[in-house]
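Me: Please take a close look at the aromatic side chains here. I would like one connected account, step by step.

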Amino acid sequence: MIKYNICFISRGDEILLLNRQFEPWMGCWNGIGGKLDNNELPRNSMRREIYEETNIQEYTLHFKGVVTWVVDEKIVGGMYLYLAEVSEQYVYDTPIKTVEGILDWKPTTWIMDKNNVGIAANIPESLELILNDPLCYQHQCKYKDGKLIEHTSIVIDPLIETNEGIREAFLAKYLISN
C-alpha cells in the first residue's frame, strides 16, 4: 500500500516548500508531507501533516493523484499527491525553521527552472499538471544510480483517494516494499 503523502501549498504564483533536513531528498526543496498513520485515510493524513508541519488551517485541498517510484528497477514506494490553495492575500511569513527543515515560499518559475538542482528531481516534471490540470495523474518516476531517468504521467481515476476497492485494484500491480 501507499504509505506516504505530499502536498504543494500554492499562494498565487508561489508554492510553500520545505528544504528537507532529513532523507529522502535531504537538502532539497520539496512539498509538505509525511507518513500515513495506521488505518488513516489519505485526505485525513494530508490535513494532519499540513497542520503539523505548517500550522496552516485555511486552505482548499485537492486530490491530484499519486506519485510512484522505482529505484534501480525495483518498485519501492508511492505517495498520495495533493494541492492546497490559500488566497493570494494569505499571510504566512517565511522562512521558518522547523524540525523537518526550512519552510519558504518559492516562485513557480524558480521551481520549474531546468537549471535548478536544489529541487527534488520529479517536481519540475509534474508541477505544471498539479497546478493547472483538473485531472488526477499517476506520476511514475524511475531512478537509476540516484538520478531521475524517466518520468511518466498517466491519467487515473480520482476515486482512488476515497474508494477502497478502486484504490486496492490500482495498487494491486505494485508491491510497495518500504
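Reply: Start with phenylalanine 63. Its relative accessibility is 8%. Buried means under 20%, so phenylalanine 63 counts as buried. Keep in mind that this is a predicted model. Tyrosine 82 has a relative accessible area of 0%, so tyrosine 82 is buried too.

Now for the ring pairs. Rings pair if their centres lie within 6.5 Å. By this rule there are 4 aromatic pairs. Phenylalanine 63 and tyrosine 82 make one of them: their ring centres are 5.4 Å apart. Their planes meet at 65°. Over 60 degrees counts as edge-to-face, so that is the name for this pair. Where do the two partners lie? Phenylalanine 63 is in strand S5, residues 60–71. Tyrosine 82 is in strand S6, residues 74–86. The pair therefore ties together parts that are 19 residues apart in sequence.

Next come tyrosine 90 and tyrosine 92. Their ring centres are 6.5 Å apart, with the planes at 20°. Planes under 30 degrees apart count as stacked, so this pair is stacked. Are these two tyrosines buried or exposed? Both tyrosine 90 and tyrosine 92 are buried. They also belong to a cluster: Tyr90, Tyr92 and Trp105 form one aromatic group.

Last, look at a charge over rings. Lysine 106 lies over the face of tryptophan 29, 4.5 Å from the ring centre. The charged end of lysine 106 also sits over the ring of tryptophan 110, at 4.9 Å from its centre.

Terms used:
Residues numbered from 1 in each chain as written. Predicted model: local features only at pLDDT ≥ 70, side-chain atom pairs only at ≥ 80, totals over all residues. Heavy atoms only, no water. Phe/Tyr/Trp six-rings, centres within 6.5 Å; stacked < 30°, edge-to-face > 60°. Helix = DSSP H or I, 4+ residues; strand = E, 2+ residues; numbered from the N terminus. Buried < 20%, exposed > 50% of the residue type's maximum accessible area, 1.4 Å probe, protein only. Lys NZ or Arg CZ within 6 Å of the ring centre and 35° of its normal.
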